[in-house]
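Work through the exercises below with the model open. Try each task before you read its solution.

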Amino acid sequence: MQTTTTPQKKVPKGFKIFFGVTISIIVLFIFIIIKSNAKYESSLTPQQRDSIANQKVIDSAQAAMADRNEKLDKGFNHGKYLLKTALKENMNDPDSFEEAQANYVLLTDTTMKINLAYRGKNVFGAMILKNASAIALLDGTLLKIDN
């Protein structure tokens with residue numbers, strides 16, 4: 001049985017040198033950046049260091065607050081949708097449903113109260129304004145509906 005070997009491609013010597021020099025320059029550049037940053041930080045006054053540290057804390061808190069507000073808004077919209085669906089199921093004329101106003105109030109770290117003012121036709125065909133509320137988890141899951 002005859003075995004065949006594939007010829008190995010030889011890397012030119014000039015390429016090896018070029019590659020080694022390029023890597024060395026990149027490492028040197030990174031070292032210079034780290035050193036210059038350390039020199040900058042050491043030249044700061046204690047008040048400037050405190051100010052930078054405080055700004056980092058503020059930025060972190062603002063990012064966390066924005067994330068929480070986004071989750072609350074999504075939960076509120078989902079809970080409001082579920083509340084409207086439940087109300088329409090019990091209406092005389094579900095097609096007459098009109099949302100007038102909606103808001104939410106945080107009750108605990110895990111629950112909110114969704115308030116909804118809406119209009120709809122009664123049994124006589126007259127449009128009336130009614131209020132409903134629901135207790136929901138922060139993800140919008142309804143726990144209790146009050147008419």
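**Exercise 1: a loop residue**

Ser-96 is buried, since its relative accessible area is 8%. Buried means under 20%, exposed over 50%, and partly exposed in between, with a 1.4 Å probe and protein chains only. This is a predicted model: local features need pLDDT of at least 70, side-chain atom pairs count only at pLDDT 80 or more, and totals for chains, interfaces and linings use all residues. Residues are numbered from 1 along each chain as its sequence is written, and side-chain values use heavy atoms, with hydrogens and water left out.

Task: find where Ser-96 lies and which residues Ser-96 touches.

Solution. Step one: go to the loop between helix 2 (46-89) and strand 1 (98-106). Helices (H or I, at least four residues) and strands (E, at least two) are DSSP runs, numbered from the N terminus. Step two: list the contacts (heavy atoms within 4.5 Å). They are Met-91, Arg-119, Gly-120, Lys-121 and Met-127, not counting residues up to four places away in sequence.

**Exercise 2: the strands**

Task: trace how strand 2 pairs with strand 1 and with strand 3.

Solution. Step one: strand 1 and strand 2 (residues 111-121) are antiparallel, with eight bridges. Pairing requires at least two DSSP bridges. Glu-99 faces Tyr-118 of strand 2. A hairpin of four residues links strand 1 to strand 2. Step two: strand 2 also runs antiparallel to strand 3 (residues 127-137), through 11 bridges. There, Lys-113 has Ile-135 in strand 3 as its bridge partner. Five residues separate strand 2 and strand 3 in their hairpin, and Gly-125 in the turn has a positive phi of about 90°.
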